[in-house]
Amino acid sequence: MSTSARGTAASSSLPRVVAASLIGTTIEWYDYFLYGTAAALVFGKLFFPHSDPLTGTLLSFLTYAIGFAARPLGALVFGHFGDRVGRKKLLVVSLLLMGGSTTAIGLLPTYDSIGVAAPVLLTVLRLVQGFALGGEWGGAVLLVSEHGDQRRRGFWASWPQGGAPAGNLLAAGVLSLMTAVQSDAAFLAWGWRVPFLLSAVLVVVGMWIRLAVDESPLFKEALAAQHKRQEERNTAERLPLVEVLRDHWREVLVAMGARMAENISYYVMTTFVLTYAVTHAHFSKQTALNAVLIASAIQFALIPLFGALSDRVGRRPVYLVGAVGVGAWAFVFFGMVDTKSFGSLVTAVTVGLVFHSAMYAPQAAFFSELFATRMRYSGASIGAQFSSVAAGAPAPLIATALLKDYGSSTPIAVYVAIAAAITVLAVLCGRETRGQDLMDVEGRDNRDGRDGRDGREPGTASAEKPAVA
């Protein structure tokens, strides 16, 4: 497929691909965030009823964190097969796994019914959620990145990122509605199950949309080139994971470091804040949920704008503004929540998510542009999901433990600031990728005696047809 033909085909189907990726990621993040929100509000009472409230929440967040442990495994498995058989097929599998496990949580008996088996089953289903999400993110952003044109890749690729605030908005909205129309007793008895069971309906919608999109044209071209190389050399290609670790280990480290502040700040300011606002600042559950709802709606609108900005000024400048901003804002954030004013609570979460958006929006294009096509699903997923084990997974758990031990929010703010410093360093160590032709990105195999990119700077065109990655 020629470059011009590929571009024409991609542009004609791009809006449909963007819509499918956005709706699919929204559903998957709805499922994932629904668990986090329920962990903050009700799971402690339902599955760990013999602990004091804060300890019950701590144990609930522990099951929440365990889900992150499965995300790297999901990244490895989905990345491997996504680089071998295609992005679309794996996205369908991830959606089915996530929706099935979420629906099963809605049917799960509590501790009062089956004892210790209840939290055990809850943990198993959370692991399935984590495994599915570990494969979802890379496939969704790559499907858009590999369809879109390089001049506006930051804008288009940021739309699947909007699935995170949209999913959080949907999860918090449904739970907020249930708490508004039910008594606390009714919500604990059965109301909390309704949002989880709703996932079954959403999965049907998501499957219908995802099955209608085409496979990435860049992947098709790379797969054809790979088969040709295999025939010419009569040798099998290396596993994508092996090639990532051999050719792109620096980029993996950059991606992992870049995720630290983005991941930690998000879960502190959207998940842990629910516990902090209710137990420490004495807001009602519905009030805390409404604050996250408002902030998530604003973030959803901001993400494409920051994505477009990264197309104009570069991925790194936008990302750095977000990392520095969130590190500084953490010290203001809890003080505003402590005022016990709803307006201050909304402002605290909203500003935090503005800075988060500046990191999250360009992240999809940034990570996609770091890796070659034949290993891009593996590379982007590994870089994003392995860092989540050290970042997002323990964030609410660490924040809750710090609050319990010190009775102050200052150590939590320091924790976020340290993560921001790590991200700043990682992004500064990475290269600017704006304008990079995805088919120009190669591994460092030194086939021409240079650094594996034919000696060209990112975004610099070659007189010759670029080597297929």
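Okay, let's start with Arg315: if you skip its neighbours within four places in sequence, Arg315 is in contact with Gln150, Arg153, Gly154, Ser310, Pro362, Ala365, Phe366, Glu369, Glu432, Thr433, Arg434 and Gly435. Keep in mind, by the way, that this is a predicted model.

Next up, Gly343. This one belongs to helix α17, residues 342–368. Gly343 has a relative accessibility of 40%, so we call Gly343 partly exposed. Now look at Gly343 together with Ala291: they're 52 residues apart along the chain, and their C-alpha atoms are separated by 8.5 Å.

Helix α13 is residues 240–247 and helix α18 is residues 376–390; their axes come within 9 Å and cross at roughly 65°. Angles of 65 to 115 degrees count as roughly perpendicular, so that's what we call α13 and α18. The crossing of α13 past α18 is right-handed.

And which residues meet there? On the α13 side we have Pro240, Leu241 and Val244, and on the α18 side Ser378, Gly379 and Ile382. Sort the residues of that contact and you get 4 nonpolar, 2 polar and no charged.

That's my tour, thanks!

Definitions and conventions
Residues numbered from 1 in each chain as written. Predicted model: local features only at pLDDT ≥ 70, side-chain atom pairs only at ≥ 80, totals over all residues. Heavy atoms only, no water. Contact = heavy atoms within 4.5 Å. Helix = DSSP H or I, 4+ residues; strand = E, 2+ residues; numbered from the N terminus. Buried < 20%, exposed > 50% of the residue type's maximum accessible area, 1.4 Å probe, protein only. Axes fitted to C-alpha atoms, helices over the stretch in contact; angles between N-to-C directions. Parallel < 35°, antiparallel > 145°, perpendicular 65-115°, else oblique. Left-handed = near helix turned anticlockwise from the far one by under 90°. Nonpolar A, V, L, I, M, F, W, Y, C, P; charged D, E, K, R; others polar.
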